[in-house]
Amino acid sequence: MSHRLDFPRGFRWGAATAAAQIEGAGREDGKGDSIWDALCRRPGAIADGSDIEVACDHYHRMPEDVALMRELGIGTYRFSVSWARVMPDGRAVNPAGLDFYSRLIDRLAEAGIRPWLTLYHWDLPERLQQAGGWVNRDTASLFADYAGAVYDRLGGRVPTWTTLNEPWCSSMLSYAAGEHAPGHADPVEAVAAVHHLLLAHGKAVEVLREKAARAGESPEIGLTLNFTVAHPADPSSEADRDAARRIDGLRNRLFTDPVFRGEYPEDVLQDMRSGAGADLARFVRPGDLELIGAPIDVLGVNFYNGEMVAGAAEASSSPAPDPLVRHDRFGFPHRSANIGSEWVRSVPRGLPRTDMGWEVEPDDLRQLLVRLHRDYTGPAGIPLVVTENGAAYADQPDAAGFVDDAAPDDSRTAYIRDHLAAVHRAIQEGADVDGYLVWSLLDNFEWALGYTKRFGIVHVDYETQERTPKASALWYRDVIAANAVTTE
Ligand code: GBH
(Lines give C-alpha, C1' and ligand atoms only; values in the text may rest on other atoms or scores of the structure.)
Protein backbone atom coordinates (compact mmCIF):
# COMPACT_ATOMS: atom_id res chain seq x y z
CA MET A 1 0.00 0.00 0.00
CA SER A 2 1.37 3.40 -0.86
CA HIS A 3 1.35 6.41 1.43
CA ARG A 4 1.27 10.03 0.50
CA LEU A 5 3.38 12.17 2.79
CA ASP A 6 2.38 15.82 2.52
CA PHE A 7 4.99 18.40 3.43
CA PRO A 8 4.18 21.65 5.23
CA ARG A 9 2.98 24.51 3.09
CA GLY A 10 5.91 26.69 2.03
CA PHE A 11 8.44 23.86 2.45
CA ARG A 12 11.50 24.80 0.36
CA TRP A 13 12.42 22.38 -2.38
CA GLY A 14 15.61 22.71 -4.30
CA ALA A 15 19.02 21.59 -5.40
CA ALA A 16 22.60 22.45 -4.54
CA THR A 17 25.96 22.77 -6.29
CA ALA A 18 29.35 24.32 -5.51
CA ALA A 19 31.54 26.62 -7.59
CA ALA A 20 34.70 24.51 -7.83
CA GLN A 21 32.68 21.43 -8.72
CA ILE A 22 30.75 22.84 -11.68
CA GLU A 23 31.94 26.21 -12.96
CA GLY A 24 35.13 25.52 -14.90
CA ALA A 25 36.49 28.71 -16.53
CA GLY A 26 39.42 28.26 -14.22
CA ARG A 27 41.37 31.19 -15.59
CA GLU A 28 38.75 33.34 -17.24
CA ASP A 29 37.88 36.96 -16.54
CA GLY A 30 40.72 37.36 -14.10
CA LYS A 31 39.97 34.41 -11.81
CA GLY A 32 42.86 33.44 -9.54
CA ASP A 33 43.84 29.92 -8.56
CA SER A 34 42.11 28.29 -5.64
CA ILE A 35 43.70 25.58 -3.53
CA TRP A 36 41.72 23.04 -5.60
CA ASP A 37 43.19 24.33 -8.87
CA ALA A 38 46.57 23.90 -7.23
CA LEU A 39 45.83 20.44 -5.79
CA CYS A 40 44.70 19.20 -9.22
CA ARG A 41 48.20 19.89 -10.51
CA ARG A 42 49.77 17.67 -7.88
CA PRO A 43 50.36 14.21 -9.38
CA GLY A 44 48.27 11.55 -7.69
CA ALA A 45 46.09 13.93 -5.69
CA ILE A 46 42.93 13.41 -7.78
CA ALA A 47 41.84 9.82 -8.39
CA ASP A 48 41.32 10.11 -12.15
CA GLY A 49 44.05 12.69 -12.72
CA SER A 50 41.42 15.24 -13.73
CA ASP A 51 41.24 18.97 -13.05
CA ILE A 52 38.59 21.69 -12.83
CA GLU A 53 39.59 23.87 -15.77
CA VAL A 54 36.29 22.98 -17.49
CA ALA A 55 34.30 20.84 -15.00
CA CYS A 56 30.61 21.15 -16.07
CA ASP A 57 31.37 24.37 -17.94
CA HIS A 58 28.59 25.94 -15.90
CA TYR A 59 30.29 29.34 -16.19
CA HIS A 60 29.30 29.37 -19.86
CA ARG A 61 26.18 27.22 -19.68
CA MET A 62 24.57 28.95 -16.70
CA PRO A 63 21.47 30.16 -18.63
CA GLU A 64 20.83 26.61 -19.85
CA ASP A 65 21.26 25.25 -16.32
CA VAL A 66 18.84 27.79 -14.88
CA ALA A 67 16.31 26.91 -17.60
CA LEU A 68 16.66 23.25 -16.67
CA MET A 69 16.01 24.04 -13.01
CA ARG A 70 12.92 25.93 -13.98
CA GLU A 71 11.63 22.93 -15.91
CA LEU A 72 12.16 20.76 -12.86
CA GLY A 73 10.29 23.20 -10.65
CA ILE A 74 13.32 23.87 -8.42
CA GLY A 75 12.25 26.60 -5.99
CA THR A 76 15.57 27.23 -4.22
CA TYR A 77 19.00 26.97 -5.80
CA ARG A 78 21.97 26.76 -3.45
CA PHE A 79 25.25 27.64 -5.17
CA SER A 80 28.59 28.87 -3.93
CA VAL A 81 30.70 31.86 -4.88
CA SER A 82 34.33 31.30 -5.77
CA TRP A 83 36.43 33.57 -3.55
CA ALA A 84 39.31 33.39 -6.06
CA ARG A 85 37.00 34.50 -8.88
CA VAL A 86 35.84 37.50 -6.88
CA MET A 87 39.25 38.20 -5.32
CA PRO A 88 41.99 36.52 -7.36
CA ASP A 89 44.62 37.10 -4.67
CA GLY A 90 42.15 36.79 -1.81
CA ARG A 91 42.18 40.54 -1.16
CA ALA A 92 41.46 42.84 -4.12
CA VAL A 93 38.04 42.75 -5.79
CA ASN A 94 37.80 41.62 -9.42
CA PRO A 95 34.47 43.13 -10.58
CA ALA A 96 34.33 40.79 -13.60
CA GLY A 97 34.18 37.84 -11.21
CA LEU A 98 31.23 39.31 -9.35
CA ASP A 99 29.48 39.97 -12.68
CA PHE A 100 29.00 36.25 -13.19
CA TYR A 101 27.09 35.84 -9.92
CA SER A 102 25.10 38.96 -10.62
CA ARG A 103 23.99 37.51 -13.97
CA LEU A 104 23.19 34.19 -12.30
CA ILE A 105 21.01 35.87 -9.69
CA ASP A 106 19.18 37.87 -12.36
CA ARG A 107 18.49 34.71 -14.32
CA LEU A 108 17.24 32.93 -11.23
CA ALA A 109 14.92 35.84 -10.47
CA GLU A 110 13.50 35.65 -14.00
CA ALA A 111 12.92 31.93 -13.51
CA GLY A 112 11.24 32.47 -10.15
CA ILE A 113 14.00 30.58 -8.28
CA ARG A 114 15.26 31.77 -4.90
CA PRO A 115 19.05 32.03 -4.70
CA TRP A 116 20.77 30.57 -1.62
CA LEU A 117 24.33 31.80 -1.63
CA THR A 118 27.22 30.00 0.08
CA LEU A 119 30.32 32.15 0.48
CA TYR A 120 32.81 29.35 1.07
CA HIS A 121 32.61 25.85 -0.30
CA TRP A 122 36.28 24.87 0.15
CA ASP A 123 38.00 26.86 -2.63
CA LEU A 124 40.37 29.15 -0.75
CA PRO A 125 42.44 31.47 -2.98
CA GLU A 126 45.83 29.80 -3.42
CA ARG A 127 47.58 33.06 -2.55
CA LEU A 128 46.06 32.89 0.93
CA GLN A 129 47.16 29.29 1.30
CA GLN A 130 50.70 30.46 0.58
CA ALA A 131 50.30 32.67 3.65
CA GLY A 132 49.17 29.70 5.78
CA GLY A 133 45.54 29.34 4.72
CA TRP A 134 43.17 28.56 7.57
CA VAL A 135 46.07 28.00 9.96
CA ASN A 136 46.68 31.74 9.73
CA ARG A 137 44.24 33.76 11.84
CA ASP A 138 44.36 36.65 9.32
CA THR A 139 42.39 34.49 6.87
CA ALA A 140 39.32 34.94 9.08
CA SER A 141 39.44 38.74 8.71
CA LEU A 142 40.07 38.50 4.99
CA PHE A 143 37.03 36.25 4.71
CA ALA A 144 34.90 38.91 6.40
CA ASP A 145 36.20 41.48 3.88
CA TYR A 146 35.30 39.10 1.08
CA ALA A 147 31.80 38.56 2.53
CA GLY A 148 31.35 42.33 2.64
CA ALA A 149 32.45 42.77 -0.97
CA VAL A 150 30.00 40.12 -2.14
CA TYR A 151 27.21 41.72 -0.12
CA ASP A 152 28.02 45.16 -1.57
CA ARG A 153 27.37 43.82 -5.05
CA LEU A 154 24.67 41.17 -4.52
CA GLY A 155 22.99 42.07 -1.24
CA GLY A 156 19.31 42.84 -1.55
CA ARG A 157 18.89 40.25 -4.28
CA VAL A 158 19.86 37.22 -2.17
CA PRO A 159 17.43 36.22 0.60
CA THR A 160 19.62 33.52 2.19
CA TRP A 161 23.35 33.55 2.95
CA THR A 162 25.52 30.72 4.18
CA THR A 163 28.99 31.63 5.39
CA LEU A 164 30.72 28.23 5.36
CA ASN A 165 29.93 24.85 3.93
CA GLU A 166 31.08 22.02 6.21
CA PRO A 167 33.98 23.51 8.17
CA TRP A 168 34.71 19.96 9.44
CA CYS A 169 35.81 19.09 5.90
CA SER A 170 37.83 22.28 5.36
CA SER A 171 39.69 21.63 8.59
CA MET A 172 39.88 17.89 9.21
CA LEU A 173 39.95 16.52 5.64
CA SER A 174 42.19 19.39 4.48
CA TYR A 175 44.69 19.79 7.30
CA ALA A 176 44.50 16.51 9.26
CA ALA A 177 43.59 13.73 6.80
CA GLY A 178 45.64 15.03 3.85
CA GLU A 179 42.77 14.18 1.56
CA HIS A 180 41.42 17.57 0.54
CA ALA A 181 43.30 20.71 -0.52
CA PRO A 182 45.80 21.81 0.64
CA GLY A 183 46.54 18.17 1.53
CA HIS A 184 48.22 18.58 4.90
CA ALA A 185 48.28 15.95 7.65
CA ASP A 186 48.99 17.80 10.87
CA PRO A 187 46.51 17.71 13.77
CA VAL A 188 47.72 21.00 15.23
CA GLU A 189 47.15 22.76 11.91
CA ALA A 190 43.71 21.17 11.77
CA VAL A 191 42.56 22.48 15.16
CA ALA A 192 43.86 25.94 14.27
CA ALA A 193 41.84 25.68 11.05
CA VAL A 194 38.69 24.69 12.98
CA HIS A 195 38.91 27.78 15.12
CA HIS A 196 39.85 30.18 12.33
CA LEU A 197 37.05 28.88 10.11
CA LEU A 198 34.50 29.37 12.88
CA LEU A 199 35.97 32.79 13.59
CA ALA A 200 35.62 33.61 9.88
CA HIS A 201 31.96 32.60 10.12
CA GLY A 202 31.44 34.85 13.15
CA LYS A 203 33.18 37.84 11.58
CA ALA A 204 31.31 37.41 8.31
CA VAL A 205 27.95 37.25 10.09
CA GLU A 206 28.81 40.53 11.82
CA VAL A 207 29.73 42.23 8.53
CA LEU A 208 26.68 40.90 6.69
CA ARG A 209 24.35 42.02 9.50
CA GLU A 210 25.84 45.51 9.50
CA LYS A 211 25.58 45.91 5.75
CA ALA A 212 22.05 44.51 5.65
CA ALA A 213 20.90 46.80 8.48
CA ARG A 214 22.35 49.85 6.79
CA ALA A 215 20.48 48.93 3.59
CA GLY A 216 17.25 48.22 5.49
CA GLU A 217 17.41 44.56 4.44
CA SER A 218 16.98 41.44 6.55
CA PRO A 219 18.35 38.40 4.76
CA GLU A 220 18.56 35.03 6.48
CA ILE A 221 22.13 34.29 7.50
CA GLY A 222 23.51 30.98 8.70
CA LEU A 223 25.99 28.23 8.11
CA THR A 224 25.95 24.67 6.86
CA LEU A 225 27.49 21.82 8.83
CA ASN A 226 27.96 18.17 7.92
CA PHE A 227 26.83 15.67 10.49
CA THR A 228 27.09 12.04 11.35
CA VAL A 229 25.06 9.89 13.70
CA ALA A 230 27.43 7.71 15.70
CA HIS A 231 26.00 4.48 17.15
CA PRO A 232 27.98 2.35 19.59
CA ALA A 233 28.52 -1.15 18.16
CA ASP A 234 27.63 -2.65 21.53
CA PRO A 235 25.59 -0.22 23.62
CA SER A 236 26.48 -2.18 26.76
CA SER A 237 30.23 -1.74 26.14
CA GLU A 238 31.71 1.30 27.82
CA ALA A 239 34.51 1.46 25.22
CA ASP A 240 32.02 1.50 22.35
CA ARG A 241 29.88 4.15 24.02
CA ASP A 242 33.01 6.23 24.53
CA ALA A 243 33.91 5.78 20.86
CA ALA A 244 30.45 7.05 19.86
CA ARG A 245 30.78 10.03 22.21
CA ARG A 246 34.16 10.90 20.66
CA ILE A 247 32.96 10.68 17.05
CA ASP A 248 29.81 12.64 17.86
CA GLY A 249 32.07 15.19 19.56
CA LEU A 250 34.57 15.54 16.73
CA ARG A 251 32.09 15.57 13.90
CA ASN A 252 29.06 17.32 15.39
CA ARG A 253 29.46 19.02 18.78
CA LEU A 254 32.86 20.59 18.01
CA PHE A 255 30.91 22.84 15.61
CA THR A 256 27.39 23.10 17.03
CA ASP A 257 28.47 23.92 20.60
CA PRO A 258 30.49 27.05 19.73
CA VAL A 259 27.87 28.23 17.21
CA PHE A 260 24.82 27.72 19.45
CA ARG A 261 26.31 27.90 22.97
CA GLY A 262 29.38 30.03 22.49
CA GLU A 263 31.70 27.35 23.90
CA TYR A 264 33.78 24.45 22.69
CA PRO A 265 32.87 21.04 24.17
CA GLU A 266 35.44 20.42 26.91
CA ASP A 267 35.50 16.64 26.44
CA VAL A 268 36.37 16.98 22.75
CA LEU A 269 39.13 19.53 23.42
CA GLN A 270 40.51 17.11 25.99
CA ASP A 271 40.39 14.12 23.59
CA MET A 272 42.32 16.10 20.94
CA ARG A 273 44.82 17.49 23.44
CA SER A 274 45.64 14.26 25.22
CA GLY A 275 45.38 11.96 22.21
CA ALA A 276 47.19 14.02 19.59
CA GLY A 277 48.80 16.97 21.37
CA ALA A 278 46.48 19.34 19.46
CA ASP A 279 45.32 22.10 21.77
CA LEU A 280 42.54 24.09 20.11
CA ALA A 281 42.13 26.41 23.11
CA ARG A 282 45.57 27.87 22.38
CA PHE A 283 44.13 29.60 19.30
CA VAL A 284 41.12 31.15 21.05
CA ARG A 285 41.36 34.84 21.96
CA PRO A 286 39.02 36.88 24.14
CA GLY A 287 35.88 37.83 22.22
CA ASP A 288 36.17 35.06 19.63
CA LEU A 289 33.47 32.87 21.09
CA GLU A 290 31.04 35.78 21.39
CA LEU A 291 31.42 36.37 17.65
CA ILE A 292 31.14 32.68 16.80
CA GLY A 293 28.10 32.27 19.03
CA ALA A 294 26.17 35.25 17.65
CA PRO A 295 22.62 34.29 16.62
CA ILE A 296 22.04 32.86 13.16
CA ASP A 297 18.74 32.52 11.31
CA VAL A 298 18.95 29.04 9.84
CA LEU A 299 21.13 25.94 10.23
CA GLY A 300 21.97 24.08 7.04
CA VAL A 301 22.24 20.35 7.57
CA ASN A 302 24.25 18.23 5.14
CA PHE A 303 23.62 14.56 5.68
CA TYR A 304 24.91 11.53 3.81
CA ASN A 305 25.36 8.75 6.34
CA GLY A 306 25.66 7.73 9.95
CA GLU A 307 27.94 5.02 11.27
CA MET A 308 28.45 2.38 13.93
CA VAL A 309 31.67 2.65 15.90
CA ALA A 310 33.68 0.61 18.35
CA GLY A 311 36.51 1.42 20.70
CA ALA A 312 39.47 -0.50 21.99
CA ALA A 313 39.24 -1.01 25.73
CA GLU A 314 42.80 0.03 26.48
CA ALA A 315 43.16 2.66 23.78
CA SER A 316 41.63 5.61 25.57
CA SER A 317 44.23 5.39 28.31
CA SER A 318 47.34 4.58 26.25
CA PRO A 319 48.33 6.98 23.49
CA ALA A 320 47.68 5.83 19.94
CA PRO A 321 50.75 4.48 18.12
CA ASP A 322 51.94 6.78 15.38
CA PRO A 323 51.65 4.52 12.30
CA LEU A 324 48.72 6.79 11.74
CA VAL A 325 50.75 8.91 9.38
CA ARG A 326 51.06 7.05 6.09
CA HIS A 327 52.70 8.31 2.93
CA ASP A 328 51.26 7.28 -0.40
CA ARG A 329 53.41 6.45 -3.41
CA PHE A 330 53.65 10.14 -4.29
CA GLY A 331 54.98 10.99 -0.85
CA PHE A 332 51.65 12.49 0.18
CA PRO A 333 50.94 12.32 3.92
CA HIS A 334 47.63 10.82 5.04
CA ARG A 335 46.19 10.18 8.45
CA SER A 336 42.89 9.83 10.23
CA ALA A 337 40.57 12.82 10.46
CA ASN A 338 39.66 11.72 14.00
CA ILE A 339 42.21 13.78 15.90
CA GLY A 340 43.13 12.08 19.16
CA SER A 341 40.59 9.31 18.56
CA GLU A 342 42.31 7.72 15.58
CA TRP A 343 41.84 4.27 17.08
CA VAL A 344 38.06 4.39 16.92
CA ARG A 345 36.93 1.74 14.47
CA SER A 346 34.01 2.03 12.12
CA VAL A 347 31.96 -1.18 12.16
CA PRO A 348 29.94 -2.11 9.06
CA ARG A 349 26.22 -2.47 9.78
CA GLY A 350 25.56 -4.70 6.79
CA LEU A 351 23.47 -1.99 5.15
CA PRO A 352 23.36 -1.23 1.43
CA ARG A 353 25.98 1.28 0.31
CA THR A 354 26.21 3.96 -2.35
CA ASP A 355 29.09 4.14 -4.83
CA MET A 356 30.98 6.17 -2.24
CA GLY A 357 30.88 3.14 0.04
CA TRP A 358 28.64 5.09 2.43
CA GLU A 359 25.93 3.14 4.23
CA VAL A 360 22.30 3.95 3.52
CA GLU A 361 20.17 4.31 6.68
CA PRO A 362 17.53 7.02 6.28
CA ASP A 363 16.40 6.74 9.90
CA ASP A 364 19.75 8.23 10.91
CA LEU A 365 18.58 11.47 9.27
CA ARG A 366 15.36 11.45 11.31
CA GLN A 367 17.33 10.93 14.51
CA LEU A 368 19.76 13.69 13.58
CA LEU A 369 17.08 16.29 12.80
CA VAL A 370 15.13 15.54 15.97
CA ARG A 371 18.29 15.78 18.05
CA LEU A 372 19.52 19.02 16.44
CA HIS A 373 16.12 20.60 16.99
CA ARG A 374 16.01 19.46 20.61
CA ASP A 375 19.57 20.36 21.57
CA TYR A 376 20.42 23.34 19.40
CA THR A 377 18.06 24.98 16.94
CA GLY A 378 14.74 24.51 18.74
CA PRO A 379 15.89 26.45 21.82
CA ALA A 380 17.33 29.11 19.47
CA GLY A 381 13.97 29.28 17.68
CA ILE A 382 15.44 28.76 14.23
CA PRO A 383 14.65 26.28 11.47
CA LEU A 384 16.74 23.49 10.02
CA VAL A 385 17.07 23.10 6.28
CA VAL A 386 18.61 20.01 4.71
CA THR A 387 21.08 21.84 2.47
CA GLU A 388 22.58 18.64 1.01
CA ASN A 389 21.45 15.04 0.79
CA GLY A 390 21.87 12.65 -2.08
CA ALA A 391 23.85 9.71 -3.37
CA ALA A 392 26.47 8.69 -5.91
CA TYR A 393 25.36 5.92 -8.22
CA ALA A 394 26.77 4.98 -11.62
CA ASP A 395 24.69 5.49 -14.75
CA GLN A 396 21.94 3.00 -15.31
CA PRO A 397 21.56 2.98 -19.12
CA ASP A 398 18.16 2.27 -20.61
CA ALA A 399 17.28 -1.00 -22.35
CA ALA A 400 19.02 0.15 -25.52
CA GLY A 401 22.14 1.04 -23.58
CA PHE A 402 21.72 4.84 -23.66
CA VAL A 403 21.66 7.39 -20.90
CA ASP A 404 18.86 9.44 -22.36
CA ASP A 405 16.01 11.45 -20.89
CA ALA A 406 14.61 9.67 -17.86
CA ALA A 407 17.18 6.88 -18.02
CA PRO A 408 16.43 4.57 -15.08
CA ASP A 409 17.91 5.78 -11.83
CA ASP A 410 16.19 3.61 -9.25
CA SER A 411 18.79 3.63 -6.49
CA ARG A 412 19.05 7.41 -6.39
CA THR A 413 15.30 7.86 -6.50
CA ALA A 414 14.92 5.38 -3.62
CA TYR A 415 17.67 7.11 -1.62
CA ILE A 416 16.06 10.53 -1.97
CA ARG A 417 12.53 9.20 -1.41
CA ASP A 418 13.48 7.33 1.76
CA HIS A 419 15.41 10.29 3.16
CA LEU A 420 12.47 12.57 2.44
CA ALA A 421 10.24 10.16 4.33
CA ALA A 422 12.70 10.44 7.23
CA VAL A 423 12.51 14.25 7.05
CA HIS A 424 8.73 13.95 7.12
CA ARG A 425 8.85 11.77 10.24
CA ALA A 426 11.22 14.22 11.93
CA ILE A 427 8.76 17.03 11.23
CA GLN A 428 5.93 14.95 12.69
CA GLU A 429 8.06 14.43 15.78
CA GLY A 430 8.35 18.18 16.19
CA ALA A 431 11.57 19.11 14.41
CA ASP A 432 11.29 22.44 12.60
CA VAL A 433 12.61 21.45 9.16
CA ASP A 434 11.92 24.02 6.52
CA GLY A 435 13.39 22.65 3.32
CA TYR A 436 15.32 20.03 1.41
CA LEU A 437 17.97 20.67 -1.25
CA VAL A 438 19.18 17.65 -3.15
CA TRP A 439 22.88 17.11 -3.78
CA SER A 440 23.33 17.60 -6.60
CA LEU A 441 21.67 19.28 -9.54
CA LEU A 442 24.41 18.03 -11.89
CA ASP A 443 26.97 15.26 -11.97
CA ASN A 444 30.15 17.12 -11.08
CA PHE A 445 33.74 17.13 -9.80
CA GLU A 446 33.69 15.00 -6.67
CA TRP A 447 36.84 16.53 -5.14
CA ALA A 448 39.67 14.04 -4.64
CA LEU A 449 37.64 11.45 -6.55
CA GLY A 450 37.48 13.60 -9.69
CA TYR A 451 34.66 12.79 -12.09
CA THR A 452 34.44 9.14 -11.06
CA LYS A 453 31.31 9.54 -8.90
CA ARG A 454 27.98 10.79 -10.14
CA PHE A 455 25.74 12.60 -7.61
CA GLY A 456 23.56 14.47 -10.15
CA ILE A 457 19.85 14.13 -10.71
CA VAL A 458 20.89 15.47 -14.12
CA HIS A 459 23.45 13.51 -16.12
CA VAL A 460 26.44 15.37 -17.57
CA ASP A 461 28.28 14.00 -20.58
CA TYR A 462 31.78 15.39 -20.00
CA GLU A 463 32.69 15.03 -23.70
CA THR A 464 29.80 17.08 -25.06
CA GLN A 465 28.65 18.85 -21.86
CA GLU A 466 25.16 17.68 -22.68
CA ARG A 467 22.75 17.67 -19.71
CA THR A 468 20.14 14.91 -19.49
CA PRO A 469 17.65 14.68 -16.63
CA LYS A 470 17.74 11.22 -15.06
CA ALA A 471 14.56 9.48 -13.93
CA SER A 472 15.27 10.76 -10.40
CA ALA A 473 15.05 14.35 -11.68
CA LEU A 474 11.65 13.79 -13.24
CA TRP A 475 10.47 11.97 -10.12
CA TYR A 476 11.73 14.88 -8.00
CA ARG A 477 9.90 17.36 -10.26
CA ASP A 478 6.65 15.53 -9.44
CA VAL A 479 7.44 15.57 -5.71
CA ILE A 480 7.98 19.32 -5.83
CA ALA A 481 4.79 19.89 -7.81
CA ALA A 482 2.76 17.80 -5.34
CA ASN A 483 4.58 19.09 -2.23
CA ALA A 484 4.39 15.43 -1.25
CA VAL A 485 6.27 12.16 -1.49
CA THR A 486 4.56 8.88 -2.18
CA THR A 487 6.20 5.87 -0.56
CA GLU A 488 5.63 2.20 -1.16
C1 GBH B 1 29.59 17.14 0.76
O2 GBH B 1 30.53 16.70 1.63
C3 GBH B 1 30.08 18.34 0.05
O4 GBH B 1 29.54 19.52 0.58
C5 GBH B 1 29.92 18.29 -1.43
O6 GBH B 1 30.69 19.26 -2.04
C7 GBH B 1 30.23 16.90 -1.92
O8 GBH B 1 30.26 16.80 -3.32
C9 GBH B 1 29.20 15.97 -1.36
O10 GBH B 1 29.13 16.08 0.01
C11 GBH B 1 29.42 14.52 -1.71
O12 GBH B 1 30.61 14.05 -1.18
O13 GBH B 1 33.27 8.10 7.22
O14 GBH B 1 33.30 6.94 5.13
O15 GBH B 1 31.24 7.16 6.33
C16 GBH B 1 30.28 15.47 2.25
C17 GBH B 1 31.22 15.22 3.36
C18 GBH B 1 30.37 12.94 3.61
C19 GBH B 1 32.27 13.81 4.84
C20 GBH B 1 30.43 11.70 4.43
C21 GBH B 1 32.33 12.59 5.63
C22 GBH B 1 31.73 10.32 5.91
C23 GBH B 1 32.28 9.21 5.13
N24 GBH B 1 31.15 13.99 4.05
N25 GBH B 1 31.62 11.50 5.10
S26 GBH B 1 32.53 7.74 6.03
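Helices (H or I, at least four residues) and strands (E, at least two) are DSSP runs, numbered from the N terminus. The model is predicted, so local features need pLDDT of at least 70 and side-chain atom pairs count only at pLDDT 80 or more, while totals for chains, interfaces and linings use all residues. Residues are numbered from 1 along each chain as its sequence is written, and side-chain values use heavy atoms, with hydrogens and water left out.

The search for empty space comes first. Rolling a probe the size of a water molecule over the atoms shows where such space is left. The search used a 1 Å grid over the protein atoms alone and a 1.4 Å probe. A pocket is an open set of points with protein on both sides within 12 Å along at least five of seven lines. A cavity, by contrast, is a set of points where the probe fits but cannot get out. Grid points are joined across faces, edges and corners, and a volume is the space filled by probe spheres set on the points. The largest pocket holds about 1200 Å³. Its lining, meaning residues with an atom within 4 Å of a point, counts 47 residues. Nearest the centre lie W168, L173, E179, R251 and W358. At least two lining residues come from each of α8 (167–176), β6 (220–227), α10 (238–261), β9 (307–310) and β12 (345–347). By type, the lining has 23 nonpolar residues, twelve polar and twelve charged. Here Ala, Val, Leu, Ile, Met, Phe, Trp, Tyr, Cys and Pro count as nonpolar, Asp, Glu, Lys and Arg as charged, and the others, Gly among them, as polar.

Helix α11 spans residues 266–276. Its buried residues (under 20% relative accessible area, 1.4 Å probe, protein chains only) are V268, L269, D271 and M272. These residues cover an arc of only 160 degrees around the axis, which puts them on the same side of α11. The arc is that of the directions from the helix axis to the C-beta atoms. E266 and S274 are exposed (over 50%) and sit on the face turned away from the buried side. The cover over the buried residues includes α8, α9 (187–214) and α10, with contact meaning heavy atoms within 4.5 Å. G277 follows α11 and has a positive phi, near 65 degrees.

Backbone geometry was examined next. Most residues other than glycine have a negative phi, and most peptide bonds are trans. The bond joining A181 and P182 is cis, with omega about 10 degrees. P182 belongs to the loop between α8 and α9. The bond from W439 to S440 is also cis, with omega near 10 degrees. S440 belongs to the loop between β14 (433–439) and β15 (458–460). D29 has a positive phi, near 50 degrees. W122 has a positive phi, near 85 degrees, and is buried at 7%. W122 lies in the loop between β4 (114–120) and α6 (126–129).

The whole structure contains 28 aromatic pairs. Rings of Phe, Tyr and Trp (its six-membered ring) pair if their centres lie within 6.5 Å; planes under 30 degrees apart count as stacked, over 60 as edge-to-face and the rest as tilted. Y120 and W134 form an edge-to-face pair, 5.3 Å centre to centre with 75 degrees between the planes. Y120 lies in strand β4 and W134 in the loop between α6 and α7 (138–154), so the pair ties together parts 14 residues apart in sequence. Both Y120 and W134 are buried.
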